[in-house]
Amino acid sequence: MRKVVLLIMAIVLSISHLWAQQRTITGKVTDDKGAPIPGASIVVKGTNLGTTAGSDGSFSISIPSTAKALVFSSIGLGEKEIALTAGNDYYAITMSTRAGDMAEIIVVAYGTKKKADLTGAIGNVKGAEIENKPLTSIDKALQGLIPGVQSTASSGAPGSNQQIRIRGISSITASNAPLWVIDGVPVLANDLSQRTTTSNILSTLNPNDIESISVLKDAASASIYGNRAANGVILVTTKKGRAGKTKFRFDAEIGQNDVAYDNQEYRPLNANDYLAITQEGLVNGGYTAAQIAATLASRGANNNVDYNWYNNVIQTGAQQQYNLSASGGNDKTTFYMSGGYFYQEGTVIKSSMSRYSGNVRITNKATDKLTLNVNLNGGFVRQHTPLAGGAFGNPILSTYFVLPTKPAYKSDGSYNILSPDFTISDLYNTIAIQSMDKRYLKELSLRGSVSAEYEIIKNLKFRSQFGGDLSVLEEDQYNNPLYGDGAVYASGSASFNPGVTYNLATTGRAYQSYTRWFNWDWVNTLSYKGDILKSGDLTYTAQAGIESQELRQYFANLQGRGFPISPLLYLQYPTSTSTPTTTTGNPSEASFLSYFTFGDLNYQNRFILSASYRRDGSSRFGSNDQWGNFWSVGASWNIEKEKFMESVDFIEQLKLRGSYGYNGNAGIGNYDWFPSYSFSASYNSVPGSTPSNVGNLDLSWEVNKPLNIGVDVGVLKGRVSLSFDWYRRKSEDLLLNVPLSRTTGFSTQTQNIGEMENKGVEVGINAVPIRTKDFTWSLNFNYAYNKNKVLSLPNHNPIIGTFIIKEGLDVQSFYARVYVGADPANGDPLWYTDSTRTTKTNVYSSAQRVPYGSASPKYFGGFTNTLNFKGFILEAQFNYQFGNLIQDSWASYYLGAGFNAAFNKIHRVLDRWQKPGDVTDIPKYIEGGNKQFHSFSTVYLAKGDFIRLRNIMFGYDIPKSALSKLKIESARFYVRGTNVWTWVNDKNLGWDPEQGVSSQTNLDVLIPRTVTVGLNLGF
């Protein structure tokens, strides 16, 4: 008993002793105008112990009595150190805006740097700029935020793929997508599915878990990634904990989606308008009265039906997300953990995505020299995505093609299928198909790493990190045996449906696809920083490392046909089919091994010189040329630090920087270089093999040589900052599919041949026009101009398709006959005969195709206004794009002046020529078409110029005094809109101006406009 009492006394004394060693510091952080700085970081100098300021700038932190100083920092305001004095526990901190952004820490390749020390062109987005937005993936959130980064969607389907181009298109055949690196690990991105119309593995990553995103755009910043750096690098850093009291955050948001852009001229016709235009076309086509009556009757003239397919296929979708996180720790161990749920319904029936996500990150300072880190984030996505393009099961296709005289339901409420309205060979009733068929995608992705950093001696550190990502995709597709793609019919006696006989061996089909991608990366680095001169005027940093990476992928596909005829439709998997028809499966692997070094010299923070070198080996290249050398040099001059600038008070920052280098593109198939045979064929009923790939043992990487010159300027005590970049990136030895003689048995071979260049300018402006104690107006603007030119092609021969790839032209130049309009005399379509545009013809084949505009924008960017007034916040972000053309790839069917007249048409057709003297671009409507007006020409190209209100948010930060009794530190209520307004320059642009990099429509799910309300709580 005595021992127990003594033990309790010892514990009490220890606790009392520890308590006595603590002190609580409070205060408030404001800028030089007295406005609070919410979220400012407060850290005990020399430790990880810290906290953040509340929405009103106030803070409270418990610190050891031995603490000597606190370090305050905030984005754009740099750092400020305050010495602690005895007896003073309250500090009013004023952070000056003067040149503060130069002290900002930026995530760069294999580490971090102060912005002042950068020689390269790096765009940066903070996590607060993308969190809580109703977007399915972080790449969608980048739209309009960084100069030179084009982020565009071709589909509005939840979970759809996003296309990103950084400083233009540099390759014709190889990938143009950037390299994604998450927490130091190069990862897989984009669409990894096999059967799903569109998907995006990045949709498994919760944007609310992101701390920052850095986009590396030039040689000095990106070339250290070697043969994968040609298209830029996107570095994503997830959130980590800070020492101090455990902080919780809860976010909730609910709302709905509808269509973002709607051109009424492109709405399908109702029954009366369709039948009227059809009758006109029959008369113009010379049909007899009896033929006209019979044709109109076959198209529903007498059934008194006017069904609006558009209104019944397009839906108002639900939107919601919930996120909970906790972070904290002490001076030894910090943690961050979170969980989230996201759900979005698309603008089209049966389109949706749900995500469950989680993230854990722990950092432990094991000793004064050793720091350990482990992080893991994962997400599970379930996605329903309808077909696109010309598939009969595409609901958007039926919206525009199916006649309004054909209803989706019979009078008894059942689906209208296999009836006089929907015959065996007719377009599908996709409202029925979306219910009867199934298309599922399940994606599970885990990303993480473990690392250790050890300080061998002062300023010499060794770091080892092993990380990777695992993605597993399961796809199930079921086509029912009764109607649609899964039904194979033959005429004959009645069966399950009267008048239809089913072949039981082929009715109904089911697919299962399994995809597994595993990628691991191991990097070991040794870094050192030191002084060359004892005065400290000349310093250097150096880092060297070795990195190895391996990607393994595995695919398996099953298909079966022949389900028992059952109206219950319970049997939906290949195991229930009577006839397995497809079984395929194959693995694929690629590996990289790299040695690299980089560093910089810094003279008095005035002159900075950087350099990098990397030797890369890749299994994707031919056995004769697998290794390459990649490098960069960069320099910057902080002119504002010169003595002759001391008297120039209004300039806080004036920086000149430049870089040049050599990097590569490895975005090809794993075995494109390998001459191979396929053993999946049979000959005379016995196993056999056939040549499957011509290969190229000399195949190597594309070469990219980027030159960048930039200027950064800050004036008016940080109130205005500007960055300007001019660049030229030349691509050589393109990975190009070169045509071969058909006598070889192959149509093309991948070779290193051809050249291309991109030249352009980028401008970024940040300004605070008004800043008072109660009101702040912040403005951000960015602009990018890019000009692409093909410099060299094999034998100087152009590559011709919808685009013409020709020396001297933009790589995405459309190649089309130039349409003039309808002949006012007779309504015939007219085209120019050649590029001189002096002679017209009504014979389509007599008109020459000419290069005509480009699918690539000439310039694009974004601008954001943010207003803060006494806790109220209004933020409006716009993005814009000008100078490109958009091809309406399916317009010939619904605009083609009578072509495919049994399909519905759109309102624009009603502007057709009707009598001599009419001036219009739509020719005379004739059953069957009018002189090939439906064939591709410039009439099916529209200007893609647009300005879009991408994000608008109005919120209110509830005063902390009102929350204290509830033990809540911060609370914000807000209303948000996404894609709420769109201005277009061309009244004939029928579809959303976002149509992917190629600017070609494909009857995809329409891009959504979202309105939500949300609540953020911190406690």
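Val107 stands opposite Thr112 in strand E9. The strands concerned, E8 (residues 105–108) and E9 (residues 111–114), pair in the antiparallel sense over 4 bridges, where two strands pair if DSSP finds at least two bridges between them, and where helices (H or I, at least four residues) and strands (E, at least two) are DSSP runs numbered from the N terminus. E8 and E9 form a hairpin with 2 residues between them, and Tyr110 in the turn has a positive phi of about 60°.

This is a predicted model, in which local features need pLDDT of at least 70 and side-chain atom pairs count only at pLDDT 80 or more, while totals for chains, interfaces and linings use all residues. Residues are numbered from 1 along each chain as its sequence is written, and side-chain values use heavy atoms, with hydrogens and water left out.

Turning to the helices, the axes of H4 (residues 271–284) and H5 (residues 289–298) come within 10 Å and cross at roughly 150°, the axes being lines fitted to C-alpha atoms, for helices over the stretch in contact, and the angles running from 0 to 180 degrees between N-to-C directions. H4 and H5 are therefore roughly antiparallel to each other, since angles under 35 degrees count as roughly parallel, over 145 as roughly antiparallel, 65 to 115 as roughly perpendicular and the rest as oblique. The contact (heavy atoms within 4.5 Å) is made by Leu275, Thr278, Gln279, Leu282 and Val283 of H4 together with Ile292, Thr295 and Leu296 of H5.

Finally, Pro147 lies in the loop between helix H2 (138–141) and strand E11 (149–153). Is Pro147 buried or exposed? At 16% relative accessibility, Pro147 counts as buried, a term that means under 20% relative accessible area, with exposed over 50% and partly exposed in between (1.4 Å probe, protein chains only). Not counting residues up to four places away in sequence, Pro147 touches Lys217, Glu762, Val763, Gly764, Asn782, Tyr783 and Ala784. Pro147 and Arg167 are 20 residues apart in sequence, and their C-alpha atoms are 8.9 Å apart in space.
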